[in-house]
Protein chains: 2
Amino acid sequence: MIEDTHVSLAHGNGGRLMRALIEEVFARHLADPALDTGADAVPVALPAGEIVVTTDGFTVQPLSFPGGDIGALAVHGTVNDLAVAGARPLYLTLAALIEEGLEIARLESIVASLAGAARAAGVRVVAGDTKVLPRGQGGGIYLALTGIGVRPPGCGLGLGRIETGDAVLVSGPVGDHGIAVMLAREEFGLSGDVVSDAASVLPLTAAIAVLPGLRFMRDPTRGGLATVAHEIARGAGRAVELDEAAIPVRGTTRAVCDMLGYDPLYLASEGRVVAVAAPAAAAAILAAWRALPEGEGAAIIGAIGAAAPADAPVLLRTRIGGARTLPELESDPLPRIC
Amino acid sequence: MIEDTHVSLAHGNGGRLMRALIEEVFARHLADPALDTGADAVPVALPAGEIVVTTDGFTVQPLSFPGGDIGALAVHGTVNDLAVAGARPLYLTLAALIEEGLEIARLESIVASLAGAARAAGVRVVAGDTKVLPRGQGGGIYLALTGIGVRPPGCGLGLGRIETGDAVLVSGPVGDHGIAVMLAREEFGLSGDVVSDAASVLPLTAAIAVLPGLRFMRDPTRGGLATVAHEIARGAGRAVELDEAAIPVRGTTRAVCDMLGYDPLYLASEGRVVAVAAPAAAAAILAAWRALPEGEGAAIIGAIGAAAPADAPVLLRTRIGGARTLPELESDPLPRIC
């Protein structure tokens, strides 16, 4: 039984209160027989295939925003890193750093949201740890998750497989997550109906992972589409040419960006996929994505060029027929969006 | 090239500065070809055997203390959870939550220490993530690690294997880590020469894991030996009877405890192992530990009793011939020691 309404330092000391918090909040919502809260380390059964791992920290502020909260976001962010690597997510581990004074009810809601997102993605939380941070040193709660997944041997996705002439696609409008979180902060006196795109991208990656000609996938989170374009250019050693008119951006997101001077190409999406594919495969990928509710806004947005000039590897062809280089992100437009 | 002397929010935004920080600080010190900083998820090769996972958050304050720092502590804490589960640690993932304003030189020193501890334990850091927390919301740096290890199938260690009459052992003096961290805070106007026991327990667990009659191992971290005794009592459904005179505590640690009113049985050790074993196996475990520099202070400290009374499952036989129950830890004697 949790006797308190707020988290105290004693909930992190290893004793009775910590055990109650773990059993009544974490274990109860996660409800997985493999989550043995009395074990130092737990066995996991792994199927045949190539095992892949990823890890991610989550510090989003505010903890809840239209379309999600830090619990679901953490699952989606971790699962998505496995999904874009061509893997099926199997297991998660969860380290929670909780600030003294966080309402237990708030914590429960976050853990329930996390548990629901994990169930929906078919992934099991098998190990956890909680620490309590002194009041004023924790931003409410931080989460760090590690994901373990499996993919077919020789999956063959990677930056090194990208060739000149390949097509660049995105599964839907970009920047909604960044703007939704920013509006939820209410720092700018703006309100709007932008909902975060945060979601599992597993339906999107599973639909195209089997298609021949797929070279590479990535979710455009921190730093947005422009940052993924730079990662592609650097990893592939080739220019990335994006077509501004083809890049989907929702009207409300664009309006907020225009008002505040943000560029949506640098804002995070947490439920989109950028894919690079052989030109002959692009139409099939587009069709596969558009057949899904998650991918109805998908578009071909550019192509891979020849060897990239080191100082300007990402080019944006503008609506008015010109072209400009997209610089690598420098200062932080919207911190703590994930 | 890192151009700055301190971490800024821009080091967490996904752009150029974050890439520089990851490449110049993390990747350079960790120096593992499997640590592909351009990948969303990385493949890991796993040998035959039962795969086990564990996760742990680290928030120790101050970040450095006599005998260690948060970097080495994080590796030891994670590796030790695998070691006491009878596993050989293979891989780590690392999520770093860094407070804006942390000196880059300080961060480098922590990452170098972490990398050194990982190398010494024979474990590879294969995936990482960094986030930057706004000034005042981060305590310098928090780390969250996940460990993946392998153990022989049917390893057979567990609380459920413990029987009445079994011996309880500890590999060395308890409480040094808690006192060393507390003295490093300089809150009490005390100084002393207590050095943390934080270390990898792999030599200790490897030396006894093969011995017949070993039932269970655990490292007495948060909540100390008394908390492990409660976990044993609860998990085994039996009383734990400890012999106060047999429990090794260093003189300086005991002196500080006496002065400040702490009980060393509730203070963290980060480099000790508590083991439960069949009575016939206790002497062999003691001999194996004492043959190691890490285990020269090992002792048999108690025994498993019959079915435990629910309200007093842990009994301490005192030096003067009496007995008292050791309660489960309630309030926090020393927060943020790991």
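**Exercise 1. Two helices of chain B**

Which residues in H2(B) meet which residues in H3(B)? Describe the geometry of the crossing as well.

*Solution.* The model is a predicted one.

Step 1. List the contact residues. On the side of H2(B) they are Ile70(B), Gly71(B), Ala72(B), Val75(B), His76(B) and Val79(B). Their partners in H3(B) are Ile110(B), Ser113(B), Leu114(B), Ala117(B), Ala118(B) and Ala121(B).

Step 2. Sort them by class. The contact of H2(B) with H3(B) has 9 nonpolar residues, 3 polar residues and no charged residues.

Step 3. Look at the axes. Helix H2 of chain B covers residues 70-83, and its axis comes within 6 Å of that of H3(B). The two axes cross at roughly 30 degrees.

Step 4. Classify the angle. Angles under 35 degrees count as roughly parallel. H2(B) and H3(B) are therefore roughly parallel to each other. Their crossing is right-handed.

**Exercise 2. Another partner of H3(B)**

Describe how H1(B) meets H3(B), and state the classes of the residues in the contact.

*Solution.* 

Step 1. Locate the helices. H1 spans residues 16-30 of chain B, and H3 spans residues 104-121 of chain B.

Step 2. Read the geometry. The axes come within 8 Å and cross at roughly 30 degrees. H1(B) and H3(B) are therefore roughly parallel to each other. The crossing in which H1(B) passes H3(B) is right-handed.

Step 3. Name the residues. H1(B) contributes Leu21(B), Val25(B), Phe26(B), Arg28(B), His29(B) and Leu30(B). From H3(B) come Ile104(B), Leu107(B), Glu108(B), Val111(B), Ala112(B), Leu114(B), Ala115(B) and Arg119(B).

Step 4. Count by class. The contact of H1(B) with H3(B) has 10 nonpolar, 1 polar and 3 charged residues.

**Exercise 3. The relation between the chains**

How many degrees of rotation superpose chain A on chain B?

*Solution.* 

Step 1. A rotation of 180 degrees, with a shift of 0.0 Å along its axis, superposes chain A on chain B with an RMSD of 0.0 Å. The two copies are thus related as by a two-fold rotation axis.

Step 2. Find the residue at the axis. Of the residues of chain A, Gln137(A) comes closest to the rotation axis, with its C-alpha at 2.1 Å.

Step 3. Compare the interface residues. Of those in chain A, 99% are also interface residues in chain B, so the copies meet through the same surface.

Step 4. Search for aromatic pairs. The whole structure has 1 aromatic pair over all chains. Tyr142(A) and Tyr142(B) form it, 6.3 Å centre to centre and with 40 degrees between the planes, which makes the pair tilted.

**Exercise 4. Backbone exceptions**

Which residues does a cis peptide bond join in chain A? Find also a residue with a positive phi that is not a glycine.

*Solution.* 

Step 1. Most residues other than glycine have a negative phi, and most peptide bonds are trans.

Step 2. Name the cis bond. Gln61(A) and Pro62(A) are joined by a cis peptide bond, with omega about 0 degrees. Pro62(A) is in the loop between strands E2 and E3 of chain A.

Step 3. Check chain B. A cis peptide bond also joins Gln61(B) and Pro62(B), and Pro62(B) lies in the loop between strands E2 and E3 of chain B.

Step 4. Name the phi exception. Ala31(A) is not a glycine, but its phi is positive, at about 45 degrees. Ala31(A) is located in the loop between helix H1 and strand E1 of chain A.

Notes: Residues are numbered from 1 along each chain as its sequence is written. Chains are lettered from A and ligands numbered from 1 in the order in which they are written. This is a predicted model: local features need pLDDT of at least 70, side-chain atom pairs count only at pLDDT 80 or more; totals for chains, interfaces and linings use all residues. Side-chain values use heavy atoms; hydrogens and water are left out. Copies are superposed by least squares on the C-alpha atoms of residues with pLDDT of at least 70 in both. Contact means heavy atoms within 4.5 Å. Axes are lines fitted to C-alpha atoms, for helices over the stretch in contact, and angles run from 0 to 180 degrees between N-to-C directions. Helices (H or I, at least four residues) and strands (E, at least two) are DSSP runs, numbered from the N terminus. Angles under 35 degrees count as roughly parallel, over 145 as roughly antiparallel, 65 to 115 as roughly perpendicular and the rest as oblique. A crossing is left-handed if the near helix is turned anticlockwise from the far one by less than a right angle, and right-handed if clockwise. Ala, Val, Leu, Ile, Met, Phe, Trp, Tyr, Cys and Pro count as nonpolar, Asp, Glu, Lys and Arg as charged, and the others, Gly among them, as polar. Rings of Phe, Tyr and Trp (its six-membered ring) pair if their centres lie within 6.5 Å; planes under 30 degrees apart count as stacked, over 60 as edge-to-face and the rest as tilted.
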